[in-house]
Amino acid sequence: MLDMTNRPSGLANSPATIASVRDLTVHFPSKRGMVHAVDRVSFEIRDGETLGLVGETGCGKSVTGRSFLQLLPIPPGILAQGTVTFHPHARCGACAGTGCDACNSTGRRPAACPSCTGAGCAQCNGSGAETVELLRLPEDRIRRIRGDRIAMIFQDPGKALNPTLTIGDQLSEVFLQHRTEELLDAAGIGPEDRGLAARLLGRLASQRNGSIDNLLLSLPPLRGKRNLLLDALRNNVAAALAETQIANPYQIIDRYPHELSGGMRQRVMIAQALACNPDLLIADEPTTALDVTVQARILELIKDLQKRRQTSVLYISHDLSLVRRICDRVAVMYAGRVVEIGRTDRIFRNPSHPYTRGLLHAVPTAATKRGQLMAIKGTVPELVDPPPSCRFVGRCPHEKALCRSKNPELAQISDEHSVSCFIHDAAGAADAPSFDEKTQ
Amino acid sequence: MQLRDYVIRRLLVLPFLIIGVSMIVFALTRVGGSPIGIYLSHEMTPAQVAEIEARFHLDKSLPVQYFYWARGVLQGDFGWSGVSVAPVAEVFPKKLAATLELSVASGIVAVVMGLWLGTYAGARRNRPADHITRVVAVTGASMPNFWLAILLLIIFWAQLGWMPIGRSTPEIIALVPTRTGLYTIDALLAGNLVAFGDALWHLILPAITLGYGATAIIARMMRSALVEELQLDYVDAARAKGLPERLVLKKHARRNALIPTVTVIGLTFGFLLQGTVSVEIIFRWPGIGKWMADSVLRGDQATLMTYVLFTSIVFLVLNLIVDVIYANLDRRVELGK
């Protein structure tokens, strides 16, 4: 675990969390009513940790992950309520992003609040860190966060890469969007330049170039500078690819996605996501579409990069054993709600929600004898206009009348372990369900 | 396989395809009657007729007749056009220039408007703009162009008198030296803006008529392809990189949506050529479409065969071009496999 007491920053009271989700609620209208895909989900991601978000298909984990980047399909989806706050980092001033002692060799430091420049004010809750509300950020500002401060890896790299663009083209876009100044710098254009060359190269370095620009830039007076810029871009792309242990990055650059294997494609996706040294990585089932052997190597790669750069990761998966291997903390989602959240060892050693228990019992191990594998009875409830009950009602072996009339809130049961179940509700007494008592 | 090798291979096969097509065309046309039918009169004696037949090798068997025709074609002799009262080889380039001008103009209308409308509608799925373009497109696709031609003529020529009919005002175009045979280009080359305006003015109505149907088909194809592409993961991945919506659409989704659309565009160009027949007749446009229609009615076989031969070559070449563009857009396409 990351040592939280010795955080390197010049801020008044630097926050220990990188992002926190509060009461996130997303609805989707359907013919039969409103589907409550995500229902008052709250959790936080600590700086530098890997948080696992587990649950079965359709439980809302992907929607939750996508909300960080405003990639939800809205409309038709409706953002009913909730906030996702994020503390973006800025490049470390002492080492210009290469990594030094001051920034714990991550190359990043929490950005200062723009209104109090780090002293702590009402806007940043006294922390002095810049705080943005991701869900309501205007298009041009969320765009600057996407791919730069928060990056995402998709489930199937075969589908998430554009089949008609080369790997180099696709990776270049990240640098062209977020590293325009550095590219111009490589071409010898300073920020104060205003000449034609600076304007044309500026448009090239931010993907605003048209065909006339390209023609002018390919002619002798500008050609040299353009080539410098393109060389810098190519080197950046190759360096990003090399980070993911791709042996021959310069040969991969001109390939098309279909020419690469699944594992290679996912490495390219990871390189693309980590190109700008993001603060938070949303990994949406990054190994599900891969072979088991490749899966293990990709997982090691993510783990290794995460450790080296101290990037916070939200790891979305349905695979419990995988989450156990890679995550510091785990949040278990069921039918649009977080039912249990806590440190990985606590959740796996002492699962305290009937659903988590059911899930863990349903995982076969080498010791499981034939016929001993447990299944959770019933099916996931439809989330169309759900009643105000616990969502696990009907499948829970311990349910009582109370569970059918009221929804249990997420409550802390021990240090770093919270569960939403009446079993742990001391006040419930007589009516409360219990693990000792099977009602069904 | 290399693109260049593929093109060379296809070009090598092309002559054989053309020979095959010409054989079919020749046989079918001869079934329709004697090629000298329109030159004969009732006063001629059988001996005179036999003499004419012998002169044109019509007394020989069909394969031999084909051989003589093919030899003529290779030597640039396409026969005598009874309709134009001149050698086919002499009239054909002028007629072709007129049709080329019309079909290129309508092709430009169709591709530019079709791709733009399709992209516009696809990016605004199920919003008012999408519904309006749908109405425009369905109307275009379901309206026969001879009907649209007559409708436009009634409104803009007969009633309002805004638009002219025919290809140009003879007095104006007479001042322009013929270089390419395309009046708009010739006028521009001569620097005669009055003639250019006149030529363009005559071109607008037939070009819109001819291009409307193709515009509709291209727009619908582009829209549905774009809608499909926009739902794929790579579009969200492009957004997650921080790309502005403009680039997501232009650089990512549209490029992929063009792949199926290009096939349709290639086919549409073939249909444009077909459509010239009715549009040229109605707008009195002196192109090969109208020429062909006249020659069918008069039994002018030399003209008819030249037309069919030319059209089939155009189709074959268009197909090749579409394949090459296709491979250029979609790198997964391996040509020749």
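**Ile218(B).** I looked up the neighbours of Ile218(B), leaving out residues up to four places away in sequence, and found Ala110(B), Val111(B), Gly114(B), Leu115(B), Gly118(B), Thr261(B), Val264(B), Ile265(B) and Thr268(B). I count two residues as touching if their C-beta atoms, placed from the backbone, lie within 7 Å. The model is predicted: I required pLDDT of at least 70 for local features and 80 or more for side-chain atom pairs, while totals for chains, interfaces and linings use all residues. Residues are numbered from 1 along each chain as its sequence is written, with chains lettered from A and ligands numbered from 1 in the order in which they are written.

**Cores.** I next searched for nonpolar cores, that is, sets of buried Ala, Val, Leu, Ile, Met, Phe, Trp, Tyr and Cys residues joined through C-beta atoms within 7 Å. Buried requires 20 or more other C-beta atoms within 10 Å of the residue's own; 12 or fewer is exposed, and in between is partly exposed. The largest core holds 150 residues, and Ile218(B) is among the members that touch the most others, as are Ala283(A) and Tyr315(A). Helix H9 (residues 193-230) of chain B is its main contributor, with 17 residues; helices (H or I, at least four residues) and strands (E, at least two) are DSSP runs numbered from the N terminus. I also noted a second, separate core of 15 residues, including Phe26(B) and Met292(B).

**Helix pair in chain B.** Gly266(B) of H11(B) and Leu318(B) of H13(B) are among the contacting residues.

**Strands in chain A.** I traced an open sheet of 4 strands, ordered E2-E1-E4-E7 in chain A, with antiparallel pairing; pairing needs at least two DSSP bridges. E2 (33-46) and E7 (132-133) of chain A are at the edges, each with a single partner strand, so one side of each lacks a neighbour in the sheet. Between E1 (residues 17-30) and E4 (residues 78-86) of chain A I recorded 7 bridges, and Ala19(A) has Phe86(A) as its bridge partner. Elsewhere, E8 (residues 150-153) of chain A runs parallel to E9 (residues 280-284) of chain A, joined by 4 bridges.
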